[in-house]
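Subject: Structure for you to look at

Hello,

Here is the structure I said I would pass on. My notes follow below it.

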Amino acid sequence: MSDGQPLLEVENLTTTFSTEDGTLTAVDGVDFSVDTGETVCIVGESGSGKTVATESITKIINTPPGKIEGTVRYKGRDLLSIPGSELRQIRGNEIAHIFQNPQEAMNHCYTVGWQITEALQIHQDVSDEEARTKAVDLMDRVGIANASSRFDDYPHEFSGGQKQRIMIAMALVGDPDLLIADEPTTALDVTVQAQILELLDDLQDEYGMGILFVTHDLGVVAQIADRIVVMYAGKVMERGNVLDIFDNPTHPYTQQLLECLPEFGGTGGGIPGTLPDPHDPPDGCRFAPRCEYAEEACRTGEQPEEVEIEPGQWVSCVHYGPGGDPSVIGGEEFGIAGDTGAADGDSEVGPADD
Amino acid sequence: MGFGRYVTARVLWAGVVSLIITTITFLLLSAAPNPDVQRAATQAALQGGDPAEAVERARELRGLDEPLYVRYFDFVQGVYTLDWGWSSSRSQPVIEAVGNALYYTAQYSIPWTILTVILGPLVGVYSAANMYSWRDHAATGFAFFGYAIPNFFFGIILLLIFGVWLEVIPIVYNTDVAVFSVENAIQLAIPVFVLVTGSIGAVMRVSRNESAEFQNADFMKTAKAKGVSPLRAYAYHVMRPTLVPLSTTLVGQLLALFLGSSLLVEVVFGIPGLGRLTFEALLSQDTNLVLGTTLFFTFVAVVGNLIEDLVFTVLDPRISYDDR
C-alpha cells in the first residue's frame, strides 16, 4: 500500500482447539504479511497448520471449539477484535476465499448462479437482474463457456476445473483486495491445475489483489510465489523471498522439503519421521526430533526466535540464533546452486506431503 | 427427460398402482365367502326354508352369479366412480360414511400434519446447531418421550389431567361446535398435541442428524467466507439439503401414524373420524365399509408416496429422472 503498511499483517497468530484429549494447538504464534498485488505462499506438510492459519484470518473456523488469539491487521483494522457484523461485511467482499475441494465447497441443492448472486446480494444492493448480469459476466471472465445458459445449472453438472472457476467467480463478486486460496489446485489434474494458476495470475493483475496461497506443492510455489512462509507443526520455520529461499534454504526443514523434489536437484526422498502430536508438541524447535543437525540446545525451551539472516529472510533455528553456528548445517549439499543433486532418475517418492 | 414428463410418468404409475391394489382387493374379496350370502343361508335354514335356494337368491341379488370379469369391471368402475356400495351397519352409502368421518379426521389431521412438518425440521436443525447443549438435550428428551409413549396412553393421561381434574377441556368430543371456533380449538388441542409429540420425535431426530452433517460441510465454510450470516446459512444451506432425506421419513411417518394412531386417538377422545369408522366397521363385519375405509387409506398412501417422490426430485437436483 502507498503508506508502506502491508495489506495484511498477521502477528503472533495462535489458534487452538479444545478437544476431548485436551487443547490442540494448530497454529502457534505465527507472523507473516501480504502486500497488495503480491502472492505469498504458505507451504508445509499436511497437518502443519497452514489451512487453520488462513481460516483464522477472517475467523471462518468454528469458535468454539476453536480459539483464535493474536493480531490480524487488515488495512489497519484488527479483524480478530471487530464485531461479527463488520467482519461479515469484509468476508466475501474484501477478503475472499477459495477452497481445496470445489465439489464439496458448493451447495449441491442450488444452482451455481444462485450461489454467485447470493454472495453478490449480501454485500451489494442490486436487483436480481443486475446480480444475474454481473454473475454471468464473472462466469464468463473466469472462462465458463456459454455462461448465461449455464447460470441455472447445478454444481454437479460442471467438471472439477469448472467448479473451481465458479468458486473463483464467487470470490470475485466484491472485487476483493485479498484472495485466500487454500490448495485450490490440489484436487484437480495437472493440466487443469496449470489453467487455474494462470487464471489466478491474470486476475491478480486485473484486480490488483494480494493472494495468500496455501499449498504443499513446491512446484506451484516456484511458479506463482513472490514470498513464501514455511510452516511446520504450527510454527513458522522460515519465511522470505521465494528466490532467496529456493537459492539458499537456511532452515534444515526447508532444505529437506526442497530435497524431496527431484526437479530442484533433490534426491526425491521423503523426510524421515512424522509430525509431532499437536496436543503435546516437543520442547525447543518443533522440527528437532526429525532434524539431522539437532543438538541439545534444539530440544529445550521454546521454538527459537526468528532471526533475519538476509534482508527479508527470517529463520527460526538455534544454529542461526545468538551463540549458534550456521556452519553446522551442511548448506552446500542442498540448494539449487549445488552440484551434487544429480537425480538418479528414480523419483517414485514424491514430496513428503500426502 | 424433462421434469414435466417425469411428473406425468409418475402420476400414471400411481394410477397403475391404485389399479393393482383394486384388483388384488377384488380377487381377495371374490375368493372369500360373502357374509351376506351366508347369513341368508342361515336364516333360510332357521326358518325351515331351503338354504341352497336362499344362497342362490342372495347371490343373484348381489350380482354374484355374473362371470368373474363382468363383476371385476363393475367393481373397478364402482371404485373409480366413488360408488363404494352400501354400508349395512350405518344404513348409508359407504362413500357418504367415509366423507362424514373424513370431515372430523381432517379437523385434527391437518393442524397435526402442518405442525409436524414445520416444527420437526426447525427444532431438529436448532438442536443440531446447539448440539450437546442443554437445549439440544431438552429437545432430544422431548423427542424420545413423544416417540416412546403410546399415543392412546398419553391421550388418556392428558384427558385425565385436563378434562377430569382441571376441567378445562371437554371429556367427550362435541360434534355440534363450528369447525373454526374456540371451543373446537380447545377440544382438539389435546389430540393434536398427542399426535404431534408422537410424530415429531422421528422428524426431529432425522433432521438433527442430517443437518449435523451439513452444518459441518465445506459449503457451510464457503457460505461463511462469503459473508452469509449464521441464520441465513442455516435457513438456506443446512435446511435445504436436510429436507431431502427428511421428506422420505416424513411421509412414511405421517402415513403410519395416520393409519395406526388416529384410530386409537379417535377412540380415546371420542372423535367420530375415519379411525373409529374403520374400527366399528370391523366390529360389525360391515364388509363394504371396511373395504371403503381400507381403499381410502391405501389411496392416501399412494398419493403420499407420489408427493414424496416429486418433492424429492424438486429438493435434490442431483436426482436424475432421465432413465426412469
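Predicted model: local features only at pLDDT ≥ 70, side-chain atom pairs only at ≥ 80, totals over all residues.

K59(A) is buried, because 20 other C-beta atoms lie within 10 Å and 20 is enough to count as buried. Its place is in the loop between α1 (50–57) and β4 (66–74) of chain A. K59(A) also has a positive phi of about 55° although it is not a glycine. Most residues other than glycine have a negative phi. K75(A) is found in the loop between β4 and β5 of chain A.

Chain A overall

The secondary structure of chain A comes to 11 helices and 12 strands. Along its principal axes, the C-alpha trace of the chain spans about 65 × 50 × 45 Å. The radius of gyration of chain A is 21 Å, which agrees with the value near 20 Å that a compact globule of 354 residues would have. Of those 354 residues, 48% count as buried. Among the contacts in chain A with a separation of 6 or more, 63% are between residues 24 or more positions apart.

Strands in chain A

Four strands of chain A form an open sheet in the order β2-β1-β4-β5, with antiparallel pairing. Its edge strands are β2 (22–34) and β5 (77–78), each of which pairs on one side only. Strand β1 (residues 8–19) is joined to β2(A) by 9 bridges, and the two run antiparallel. To find this pair on screen, look for S18(A), which stands opposite T23(A) in β2(A).

Strand β8 (residues 210–214) of chain A is mostly covered, with 5 of its 5 residues buried. Strand β3 (residues 39–43) of chain A runs parallel to β8(A) and is joined to it by 4 bridges. In that pair, I42(A) stands opposite V214(A). Strand β7 (residues 178–182) of chain A also runs parallel to β8(A), with 5 bridges between them. There the bridge partner of I180(A) is L212(A).

Nonpolar cores

In soluble globular proteins, nonpolar side chains tend to be buried together. The largest nonpolar core here has 105 residues. I116(A), M139(A), A169(A), L178(A), I228(A) and V230(A) have the most contacts inside it. Helix α7 (residues 160–172) of chain A gives the most to this core, with 7 residues. Leaving aside neighbours within four places in sequence, I228(A) is in contact with C41(A), V43(A), V221(A), R239(A), V242(A) and I245(A). There is a second, separate core of 44 residues, which includes L159(B), V192(B), L289(B) and F296(B).

Contact between the chains

How many residues does each chain put into the contact? Chain A gives 23 residues and chain B gives 18 residues. On the side of chain A that touches chain B, α2 (84–90), α3 (102–105) and α4 (112–123) each supply at least two residues. The largest share of that side, 4 residues, comes from α4(A). By class, the side of chain A that touches chain B has 9 nonpolar, 10 polar and 4 charged residues.

Domains of chain B

Chain B is divided into domain 1 (1–92) and domain 2 (94–313). The C-alpha centres of these two domains lie 33 Å apart. Their contact takes 20 residues from domain 1 of chain B and 21 residues from domain 2 of chain B. The elements giving two or more residues to the domain 1 side are α1 (3–31) and β1 (86–87) of chain B. The largest share of that side, 9 residues, comes from α1(B). By class, the side of domain 1 that touches domain 2 has 11 nonpolar, 7 polar and 2 charged residues.

Regards

Terms used
Residues numbered from 1 in each chain as written. Chains lettered and ligands numbered in written order. Contact = placed C-beta atoms within 7 Å. Nonpolar A, V, L, I, M, F, W, Y, C, P; charged D, E, K, R; others polar. Core = buried A, V, L, I, M, F, W, Y, C linked by C-beta atoms within 7 Å. Buried ≥ 20, exposed ≤ 12 C-beta atoms within 10 Å, placed from the backbone. Domains from an automatic or database assignment. Pairing = 2+ DSSP bridges. Rg over C-alpha atoms; globule rule 2.2 N^0.38 Å.
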